[in-house]
Amino acid sequence: MFTFDCHVHFGQYNQIYYQPSWVIKALHKNGVRRAWVSSTTACIEPRSFDEAQYLSRHIDEEVKEALAQASKLKMSLVPLYWAVPERYCDPNKVDGFLYSGFKIHPKVGEWGGIGGEKLFFGVCTRASQRHYPILIHTGVDAVDSPARFEKYFADFPDVMFVLAHCRNIGEVIRLFKKYKNLLGDTAFCPIEGYKEICRAGFESRMLWGTDFPITHWCSRESDKLNLTVLSANYKVTLDSFKLNF
Ligand SMILES: [Zn+2]
């Protein structure tokens, strides 16, 4: 289960910059050989169209760096295009050679309006045509509740949607029962919640995901940043999951 991590980031996250090659090396040191990756640089709100263009190119460069490092280490990466309304809203980006899936965070960018709906529809359509996964951040608020996207789960039965964090558990179990095209990940998913999902018979729907290196950002050691600290941080997440389950 732990050689594939479906939820990894690099790039700028608040005040910290996570160098893509370091993140990949830290994964490799912990036995991960395959990962879905996306750049949190996409969370920066650009002040102009030009800045959005600049950031978009920068994100592409980060992905290239991660891919180059992964290829040296013989790891397989699936870079996800982080779609954000009015910023990074070109689902056709996956037609190039860089991206093979999508990441959606309902709290990053304005998903409520027509632009958001249109982009989500475009992402699902492209994902369906190319058999690419969509990783969706979920939370306990109405705005990031997985129920918000239910109509897309129904309308795109051939698309694999992964509910990151599995929030909230009751809602996720309800949706798992209804839709076969839904998976969840373990990233920041409370261990009790994970067990509840297993008890409901959906253990096989759960992917190992960490949200690394956000785990480092949340840790007491976030003021230290080097490869040793990053690798150790991944190991803590891994060990605590193994210990509790
Ligand atoms: Zn994440």
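**View 1. Packing of helices α1 and α8.** Helix α1 (residues 20-29) packs against helix α8 (residues 227-244) at an angle of about 50 degrees, and their axes are 9 Å apart. Helices (H or I, at least four residues) and strands (E, at least two) are DSSP runs, numbered from the N terminus; axes are lines fitted to C-alpha atoms, for helices over the stretch in contact, and angles run from 0 to 180 degrees between N-to-C directions. Because of this angle, α1 is oblique to α8 (under 35 degrees is roughly parallel, over 145 roughly antiparallel, 65 to 115 roughly perpendicular, and the rest oblique). From α1, the contact involves W22, K25, A26, L27 and K29; from α8, L227, L230, S231 and Y234. Contact requires C-beta atoms, placed from the backbone, within 7 Å. The model is predicted: local features need pLDDT of at least 70, side-chain atom pairs count only at pLDDT 80 or more, and totals for chains, interfaces and linings use all residues. Residues are numbered from 1 along each chain as its sequence is written.

**View 2. The largest nonpolar core and F102.** The largest nonpolar core has 62 residues, of which A83, F102, V123, I134, I136 and V162 touch the most other members. Such a core is a set of buried Ala, Val, Leu, Ile, Met, Phe, Trp, Tyr and Cys residues joined through C-beta atoms within 7 Å; buried means 20 or more other C-beta atoms within 10 Å, exposed 12 or fewer, and partly exposed in between, with C-beta atoms placed from the backbone. Beyond neighbours within four places in sequence, F102 contacts L80, Y81, A83, V123, A127, Y132 and I134.

**View 3. Surroundings of F2.** F2 lies in the segment before β1 (4-13). It is partly exposed because it has 13 C-beta neighbours inside 10 Å. Outside the four places in sequence on either side, F2 is in contact with G31, W208 and L238.

**View 4. Two cis peptide bonds.** R167 and N168 are joined by a cis peptide bond with omega about -20 degrees; N168 is in the loop between β8 (161-164) and α5 (169-178). A cis bond also joins F212 and P213, with omega about 0 degrees, and P213 is in the loop between β10 (206-207) and α7 (214-217).

View 5. Most residues other than glycine have a negative phi. H131, not a glycine, has a positive phi of about 60 degrees, in the loop between α3 (114-130) and β7 (134-137). F188, also not a glycine, has a positive phi of about 55 degrees and is found in the loop between β9 (182-185) and α6 (191-199).

Notes: Contact = placed C-beta atoms within 7 Å.
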